[in-house]
Amino acid sequence: MTTILVAEDDEDVRDLVVFKLELAGYLVVAVDNGLAVLDTARSVVPDLAILDVMMPGRNGVDVCRELRTDPATGHVPVILLTARSQEVDVDAGFRAGASDYLIKPFSPRELVNRVSSVLARSGR
Amino acid sequence: VTANLLAGVVYLVAALMAVSVLTIVVGRGIRRMSSRRNAGAAGRARALLVALVADDDARSPLVELVAVDRTTWRSVEPKAIALLGKLRGEARARLVSVFRRRGVVERAVRDLARPSAPRRARAAELVGLLGVADAVPALCRLLDDRDRQVRVAATRALGAIGDPGAITTLLASLTGRRSIAAQLVADALLRIGADAQPALLATIKDAEPLVRVCVIEVLGLVAGPGAATSIARALGSDPSDEVRVRAATALGRLGTRQVLAVLLRAVDTDPVDRVRAASAVAVGELGDTGAVPALAAALRDPGHRVANGAAHALVRLGEPGRAALRRVVAAASPERAGEIEPAARHAREALAAQEVSQRREPVLAGGPAAAGGR
């Protein structure tokens, strides 16, 4: 089963994303801060990670960069989910190695479409 | 008799105490049960809320959420309001539908006219989040509310609803006794988007410079190339320095090369440094290498900002611009330093800044590992 790691500090958005992804047939592991992402990703090694950018502990862009540089998680595609919509923010996300960038307000249906698209591109 | 009376009083006090204790115990029990029941109902309502926005096919969460009692809805309403701002598409439409069916929209519209300022502000925020187009006239009236928070909430709500019919009132709110911060008004106009263009163009010659600044700033961000002629006219003739600065910047953002001649004229002839500098930077944004000679000449402008802006604009024009800068640097021999040195300094600084920026890019893209590897 395809495993997705979701990191989001907003409980309502986290629950919504988890619900939507589980409904789409994915196995979801959720955490609420940036520090927990790295530990969880190393132990679970998900097929994809969805990271909020503004989280306590570590921000999503830094976490994404760190996932990229770790040999154990470097292959995991990352989707950044954030309210930061400036060109410079999107640019920083892609530079950090994100595979996709979804801006809040977001459509849950679009999120699932992006997930399946990124997974398909990465051959999973 | 006295002893019997005393015994009666003691008995009565004891009975009252027993009844009081019993009342407290039973009351607490009832409250605890009620609290548990409410918490259970709130938890269930929250689960329904998540299912409502996440499940495109389910009908029952909507029906159930519409039917929950008022206490339960109150417990979940703040979360529902918070989600409104985080969602779009069908998920958001379903959420809005719950608010409408529960009568929240009608209540919020009524609350816009309440005597309590916090209540008016909350209502304005809510009708904005819910995108209630019918509330636009009431929100426009609130732009002149005596309470600042209400005016701010109404401005934001009008931006969220995005009705171009509110533009004239929004612009009028920039001035006067109860004025609203220009940044807030500009933000609301930006949210209205490209539909705002006709109304903004109609106001580009407003008597108030602050209004013209705001109009041109927003046009530069939302308008199509069709707005370039009106903005170019403002750059050429507006009496306000600030308006001309914004006009030059807006023309650079629009990127229409047909305004190159107007911008170059401003670089050459505008009496104000800031305007010439903004025009030079805007020329760089247009990306027309035909502007290289004019920008190279502007490196000798007596205004520091103008010469600096021209140097960075030349970098933006790519290799022809950089070549012009290198020629200026090379020509800066010590013997001729008095005449040419300031221009060469600007040229050298712009070339160096571009080199640093080029070196930074791979490091930023690769993160710490790439940085360490260098």
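This is a predicted model: local features need pLDDT of at least 70, side-chain atom pairs count only at pLDDT 80 or more; totals for chains, interfaces and linings use all residues.
Residues are numbered from 1 along each chain as its sequence is written, while chains are lettered from A and ligands numbered from 1 in the order in which they are written. Local features need pLDDT of at least 70, side-chain atom pairs count only at pLDDT 80 or more, and totals for chains, interfaces and linings use all residues; side-chain values use heavy atoms, with hydrogens and water left out.

**View 1. The open sheet of chain A has 5 strands in the order 2-1-3-4-5.** The pairing is parallel. Strand 2 (27-31) and strand 5 (100-103) stand at the edges with a single partner strand each, so one side of each has no neighbour in the sheet. From one strand to the next, the twist averages 20 degrees. Look for strand 1 (residues 3-7) and strand 3 (residues 48-52), which pair in the parallel sense over 4 bridges; here Leu5(A) stands opposite Ala49(A). Strands (E, at least two residues) and helices (H or I, at least four) are DSSP runs, numbered from the N terminus, and two strands pair if DSSP finds at least two bridges between them.

**View 2. Asp47(A) sits in the loop between helix 2 (34-44) and strand 3 of chain A.** Asp47(A) is buried, at a relative accessible area of 19% (buried is under 20%, exposed over 50%, partly exposed in between, using a 1.4 Å probe and protein chains only). A polar atom of the Asp47(A) side chain lies 2.7 Å from the backbone nitrogen of Thr3(A). Beyond neighbours within four places in sequence, the contacts of Asp47(A) (heavy atoms within 4.5 Å) include Met1(A), Val76(A), Leu119(A) and Arg124(A).

**View 3. Two backbone details of chain A deserve a glance: Val45(A) and Pro105(A).** Val45(A) has a positive phi of about 45 degrees although it is not a glycine. Val45(A) belongs to the loop between helix 2 and strand 3 and is partly exposed, with a relative accessible area of 33%. A cis peptide bond, with omega about 0 degrees, joins Lys104(A) and Pro105(A). Pro105(A) is placed in the loop between strand 5 and helix 5 (108-121).

**View 4. Chain B has 20 helices and 0 strands.** Its radius of gyration is 33 Å, well over the 21 Å that the globule rule gives for 374 residues, so chain B is more spread out than a compact globule. That radius is taken over C-alpha atoms, and the rule is 2.2 Å times the number of residues to the power 0.38. Along the principal axes, the C-alpha atoms fill a box of roughly 125 × 55 × 55 Å. Of the 374 residues, 46% count as buried.

Technical notes. Axes are lines fitted to C-alpha atoms, for helices over the stretch in contact, and angles run from 0 to 180 degrees between N-to-C directions. A polar contact is a pair of N or O atoms within 3.5 Å; within protein, one must be able to donate a hydrogen and the other to accept it, and residues adjacent in sequence count only if both atoms are side-chain atoms.
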